[in-house]
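Reader: Could you walk me through this structure slowly? I am new to reading these.
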Amino acid sequence: MSCLRIAACLLLTPVVTSCISADDVIAAEQSLLAPINCSAVTCASADEPTLHGYRMFDDQNSTAFVDGWNRTRKSYVHIPAKYDTVDGVTQKIPLIFAFHGGGQTREAMINGKWADYFDQDHAFVFPLGEADPCDNPFGTGQTQWMQPRLGESTSPLNPSCDAATQVRDVANVAHTYWNASLAGSFTDVVFIEQLRASLLARFPKLNADKVYATGFSSGGGMTFTLACYRSALFRGFSVVAKTLGTDSVRGDYDADGIVETDPLSLVATCGRNQWNPAHATGMTLPQLWGAGELHLPSPGGGTMFVGDQDYTMTEINDTGDFIRARDNLDGSFVVQNPFQNTQIGDQATTQRRTFTTALSSIWGVSAFFRRLLVQGVARESATHAIPDADECRNPSDTFSTCDYNYTDQTIIFFQDHADLSLSP
């Protein structure tokens, strides 16, 4: 504040006790929104600073997680205003993990994907993936989520990585390959497990029984991994633009001239957790469900799988059949076309199939799986993308493109089949 303005303030009548400039207001707001150390105190939504235009905590507000590759992990967390008014007994706030795609950042899930839901009564956490150390020996790799899978890299063996992460194809080309026998495959699983526990401890009015996972592409693979190896920790799953590995995708994994399913792949070990039997596996009721069976979280719950233009009908059906078999769902389903006004010329293939089976003898409720096929929806859409409001609507177009977006469908599915609500 200038000397002239200070003098002017001193000359004001006694009823005026201060003189505040716009700069002072901004400084005061920034002070009020200063990060709260959530590793030391219990936080409320009112403590959230504003990040990227939304009120969110970040990795500076919580316990620092350093993973097995000595990487300090990051995340954004949004706590809704409703958190400050619920009592934590008769009402609790559900928590949704949203995982970005490969090469993306946390902002990809915020801008255009989940931004419309910051005024809802749900808490969101947007973790940040890291480059695979074995795919990325020179620090130039893309962000992704580690899981039992065949990597994209054909780089030479990285000395910092376990030699077991490398396999050679029939042309003797080395590929990075994580499988379910290697602890490093589960680095991201452990990170999410720790982050989940930390958030529930720091925000005690979050509902530990209503934690959900969703993700796009590589983040969809992470969601599959959690469904397979940590389904006890999540109430529902929504996978977008990702399929489980099949024989054709795995190829000749052991270079024996035969295309077959790798026994250490995610699709083969889903629900068995050969890495660490002491942790939660895909079986939250092991006395009822035998080894190798993945089931929907009790009570009720569900898994929504969303295909996109990158995947063939065979891949989408194979993944759907796998999930239905592991969830002990029969082949009956209800078909509904979710699009009411697809754009002329789209040649869209769209279909929602909801599979269900009564489990009254076990839980007294039904379990659900929804397969939502989305192919060729919008001319302006990328071939591999989350169908959202931005991608499904072109203001300059005469015809409305579609009335579908992934975020809406995920929330509706969680509400219908996985009890996304404030109830305890």
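**Rings and a strand**

Author: Ring pairs join Y54, W114, Y117, F118, F124 and F126 into a cluster, where rings of Phe, Tyr and Trp (its six-membered ring) pair if their centres lie within 6.5 Å, and planes under 30 degrees apart count as stacked, over 60 as edge-to-face and the rest as tilted. This is a predicted model, in which local features need pLDDT of at least 70 and side-chain atom pairs count only at pLDDT 80 or more, while totals for chains, interfaces and linings use all residues. Residues are numbered from 1 along each chain as its sequence is written, and side-chain values use heavy atoms, with hydrogens and water left out.

Reader: OK, and how many aromatic pairs does that rule give?

Author: The count comes to 20 aromatic pairs. One of them is the tilted pair of F234 and F237, with 5.8 Å centre to centre and 50° between the planes.

Reader: Is F234 buried or exposed?

Author: F234 counts as buried because its relative accessibility is 3%, and buried means under 20% relative accessible area, exposed over 50% and partly exposed in between (1.4 Å probe, protein chains only).

Reader: Switching topic, which way do the residues of β10 point?

Author: From β10, A174, T176 and W178 point one way and H175 and Y177 the other, and all are buried. Strands (E, at least two residues) are DSSP runs, numbered from the N terminus.

Terms used: Helix = DSSP H or I, 4+ residues; strand = E, 2+ residues; numbered from the N terminus.
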